[in-house]
Amino acid sequence: LSIPPVVTYASMALQNWYLIDPSKGIIEDNMGIMTTFTGTKDEEWFYLVPLFVELAAAPGLVAMLEIYKSMENDNYIAIEASFRNMQSSIEKMIAAVNRMYEHCKPDVFYQQIRPYQAGSMGLDAFPDGLMYEGVDTIPKKIFRSQRCTEFYSSSF
């Protein structure tokens, strides 16, 4: 993949989910996470909530395109409707983020999940970097891991 050996938003959320019941489609209550480090509901929820945000953002992206199309035709009624759709999408994104605390306790996140997210930078356990056995005898470059800015919808 030509990326540093760190956990990324793409690998732990975007490419790590499944539909619980495929016949129900992509809705919040029908999504699960395939793989976690800790096996806790808190970690699964930590990866699901950003997916909920992305799901809520999709109609807003469509609305943005509709605004541009409507501007070309001076269709002010459609422009206003599209702005309302964007507003609704943003409100749903905020509501999705606010769901984090439903099943992800801050202390569980910080003590059990965050160490897997931190990469090897600044960890007492890896003062000289992270060494991969059988790969090299020199410690590898120190990397950071995922950040909230990796959300695709964060550019919204």
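In which helix does Ala58 lie? Ala58 lies in helix α2, where helices (H or I, at least four residues) and strands (E, at least two) are DSSP runs numbered from the N terminus. The model is predicted, so that local features need pLDDT of at least 70 and side-chain atom pairs count only at pLDDT 80 or more, while totals for chains, interfaces and linings use all residues. Residues are numbered from 1 along each chain as its sequence is written, and side-chain values use heavy atoms, with hydrogens and water left out.

## Overall layout

The protein chain has five helices and two strands, and from the N terminus on these elements follow the order α-β-β-α-α-α-α. Of its 156 residues, 33% count as buried, where buried means under 20% relative accessible area, exposed means over 50%, and partly exposed covers the range in between (1.4 Å probe, protein chains only).

## Helix α2 and what follows

Helix α2 has 32 residues and reaches 48 Å from its first C-alpha to its last, which is close to the 46 Å expected at 1.5 Å a residue; the expected span is 1.5 Å times one less than the number of residues. A kink of about 30° lies at Ala57 in α2, shortly before the proline Pro59, the bend at a residue being the angle between axes fitted to the seven residues ending there and the seven starting there. Ala58, in the same helix α2, is partly exposed with a relative accessible area of 36%, and its C-alpha atom is separated by 9.8 Å from that of Met93, although Ala58 and Met93 are 35 residues apart along the chain. After α2 comes Asp74, which has a positive phi near 55°; Asp74 is a residue other than glycine, and its place is in the loop between α2 and α3.

## Salt bridges

Side chains of opposite charge can pair when their charged atoms come close. A salt bridge is here a side-chain nitrogen of Lys or Arg within 4 Å of a carboxyl oxygen of Asp or Glu, and by this rule the count comes to five.

| Glu28 | Arg99 | 2.3 Å |

The side chains of Glu28 and Arg99 meet in a salt bridge. Glu28 lies in the loop between β1 (17-19) and β2 (31-33) and Arg99 in the loop between α3 (76-97) and α4 (100-103), so this pair ties together parts that are 71 residues apart in sequence. Glu28 is partly exposed at 26% relative accessible area, whereas Arg99 counts as buried at 17% relative accessibility. Glu28 and Arg99 also belong, together with Glu102, to a network of linked salt bridges.

## Aromatic pairs

A pair of aromatic rings is described by the distance of the centres and the angle of the planes. Rings of Phe, Tyr and Trp (its six-membered ring) pair if their centres lie within 6.5 Å, with planes under 30 degrees apart counted as stacked, over 60 as edge-to-face and the rest as tilted. A search of the whole structure finds three aromatic pairs. One of them joins Trp45 and Phe52 edge-to-face, at 5.4 Å centre to centre and with 75° between the planes, and both Trp45 and Phe52 are buried. The rings of Phe46 and Tyr47 have their centres 5.6 Å apart and their planes at 65°, so that pair is edge-to-face.

## A nonpolar surface patch

Tyr18, Ile20 and Met34 make a nonpolar surface patch of about 310 Å², and Met34 is found in the loop between β2 and α2. Patches are made of residues with over 30% relative accessible area and no salt bridge, like charges being joined within 9 Å and nonpolar side chains (Val, Leu, Ile, Met, Phe, Trp, Tyr) within 5 Å. Accessible areas come from the Shrake-Rupley method with a 1.4 Å probe, and for residues only the protein chains shown count as cover.
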